[in-house]
Amino acid sequence: MPEQLEAHGEKDLAAQWREAARAGVDAGGDAGGDAARKDPDTLIPSTLRRRALRALRTAGIAAGPGWQEVSDAAEAAGVDAVVHLLVGQGDGPGRALVVRPGLAPLALELTGLGAAGRGPLDRYLDAARDRSAFTAPDVPPPASGRAAAEEAQAVWEAALEELCDWAGPAVMGPVLEVVRPGRPARPGDPVRVVLLPAGNLGVVPWHAARLGAGTRTGTGAGAGERPVYAVDHAVLSYAASGAEFVRSAARPRLPLDGAPVLVADPTGTLAYVEHEVETLRAAFYPTARCFGFLSSNGFDIDGTPDELLPLLPGGTAERPATLVEFGVHGIAGDLPTVSRLLLHRPRGAAEDAGLLTVRRLLGAPAADGGGGAGPLVVLSACETDLSTRDHDETLTLTTAFVARGAADVIGSKWAVADVSSAVLMYALHHFLADGADPAQALRRAQLWALDADWSAPPGLPGPLAVRVKGKPPLPTEAWAPFIHQGNPGPVRPEGNTVGRE
């Protein structure tokens with residue numbers, strides 16, 4: 001922001017922005033300290049933010065793409081619809097603005113997004129905030145103890161189920177009724193939809209929206225019926241804005257097995273991440289560079305932010321990563337800029353030396369401007385597509401990696417158990433190896449997790465296979481947290497390549 005302001009002659013505003021940012025860091029903002037948690041406006045005051053945005057609008061650089069540009073990008077990428085979701089103002093209804101290739105945009109009135117219809121969303125937001133107080137590994141939990149944590153978890157699980165029940169009739173049912181009939185039939189390839197949910201609508205797992213009951217699952221003893229979800233009908237991706245969608249849709253993908261990087265939790269506190277990383281290397285990425293904690297001593301380097309940043313999208317390494325999988329702790333910050341991944345902190349270093357924050361990811365220009373081919377980044381971690389106060393859909397760890405030049409990013413909307421994440425991530429890479437693009441591979445992994453027969457993918461390691469045996473399907477909290485952002489299109493003829501040993 002300061003650089004853009006200076007480029008358009010707003011040197012005083014640029015200086016004020018930098019001073020406010022420095023004040024926030026000095027108050028503990030970048031380390032997620034107490035000052036940052038108590039005052040969410042410490043970094044950039046809202047009045048300064050509005051003045052800066054007004055100046056950029058006046059300069060003519062802040063306007064997003066028009067609907068025709070979005071429509072053209074959707075057609076080029078093989079996307080059937082781009083859907084902006086907006087809550088209602090005052091007592092009015094919400095809206096879905098549906099942009100489809102070759103058609104005029106369509107505005108759907110959605111009463112479920114009006115103030116009177118958003119009760120399930122409001123209750124979920126409250127429950128999610130209460131639960132997050134007990135899940136962050138680098139923040140002391142409330143003194144209320146284990147019973148309070150279990151109660152917060154139970155309330156959150158009930159609120160999540162209510163949210164998914166609401167999301168179907170409120171939004172995804174009407175949206176899919178418009179999109180599905182209007183596209184050419186492609187056997188085995190469901191509609192592709194990119195969602196742009198504004199504000200707190202960004203916390204909703206719209207792919208887990210329930211559209212009804214009665215889909216039969218399984219053929220054995222566990223066969224029965226399960227709800228119909230939006231993921232049954234569509235390959236769903238998410239984007240922070242129309243401009244981000246247009247950029248991402250045009251970004252080529254790097255071959256996954258070109259220079260893969262796998263990061264195992266450097267803190268050594270996620271028991272199943274070690275199985276996840278070792279198995280991914282053995283089954284799919286034998287040439288991967290590994291970082292973090294592995295009891296087999298198969299790691300290359302400890303995995304500090306300084307060691308990994310050059311390998312990440314937009315980095316300066318001669319051999320940048322073509323795939324990065326982070327099996328680490330993730331924490332959504334009270335301030336979006338301090339949302340972070342917990343990496344290795346060298347002995348004696350400052351508390352924040354092991355934190356890879358949104359601020360740090362976005363703090364330096366990308367080496368190629370973020371315009372070249374990009375890697376797949378998999379954030380097998382908690383809360384990587386979330387901010388804990390009023391949700392900011394444009395500033396999460398997931399969107400930061402997209403902005404840095406990743407072609408595809410898999411992120412999460414809540415805290416997840418490491419065992420279910422490890423299982424789902426193995427399934428994701430199994431389907432990538434079968435030729436699916438990242439959005440499609442995630443969908444196939446989630447549908448696999450909903451299958452009552454649930455036979456383990458070939459090569460699933462014993463410790464993980466034991467945990468899933470006889471327990472199909474996974475509950476909503478286990479299969480639904482992960483989402484896709486980035487390039488929403490199918491694999492191009494040159495394709496992504498994944499080696500299988």
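So, a charge patch here is made of residues with over 30% relative accessible area and no salt bridge, where like charges are joined within 9 Å. A salt bridge means a side-chain nitrogen of Lys or Arg within 4 Å of a carboxyl oxygen of Asp or Glu. With that in hand: Arg50, Arg51, Arg54 and Arg57 gather in a positive patch on the surface.

Before I go on, this is a predicted model, so local features need pLDDT of at least 70 and side-chain atom pairs count only at pLDDT 80 or more, while totals for chains, interfaces and linings use all residues. Residues are numbered from 1 along each chain as its sequence is written, and side-chain values use heavy atoms, leaving out hydrogens and water.

Okay, back to Arg54. You'll find it in helix α4, residues 46-59; helices are DSSP runs of H or I, at least four residues, and strands are runs of E, at least two. Its relative accessibility is 48%, so arginine 54 counts as partly exposed (buried is under 20%, exposed over 50%, partly exposed in between, with a 1.4 Å probe and protein chains only).

Now, rings. How many aromatic pairs does the structure hold? Seven. Rings of Phe, Tyr and Trp (its six-membered ring) pair if their centres lie within 6.5 Å; planes under 30 degrees apart are stacked, over 60 edge-to-face, the rest tilted. Tyrosine 124 and tryptophan 156 make a tilted pair, 6.4 Å centre to centre with 45 degrees between the planes. Both are buried, and ring pairs link Tyr124, Trp156 and Trp414 into a cluster.

Then there's tyrosine 229 with tryptophan 479, edge-to-face at 5.1 Å and 75 degrees. Tyrosine 229 sits in strand β6 and tryptophan 479 in helix α17, so this pair ties together parts 250 residues apart in sequence.

Definitions and conventions. Patches are made of residues with over 30% relative accessible area and no salt bridge: like charges are joined within 9 Å, nonpolar side chains (Val, Leu, Ile, Met, Phe, Trp, Tyr) within 5 Å. Accessible areas come from the Shrake-Rupley method with a 1.4 Å probe; for residues, only the protein chains shown count as cover. Lys and Arg count as positive and Asp and Glu as negative; His and the chain ends are not counted. The place of a charge is taken as NZ of Lys, CZ of Arg, CG of Asp or CD of Glu.
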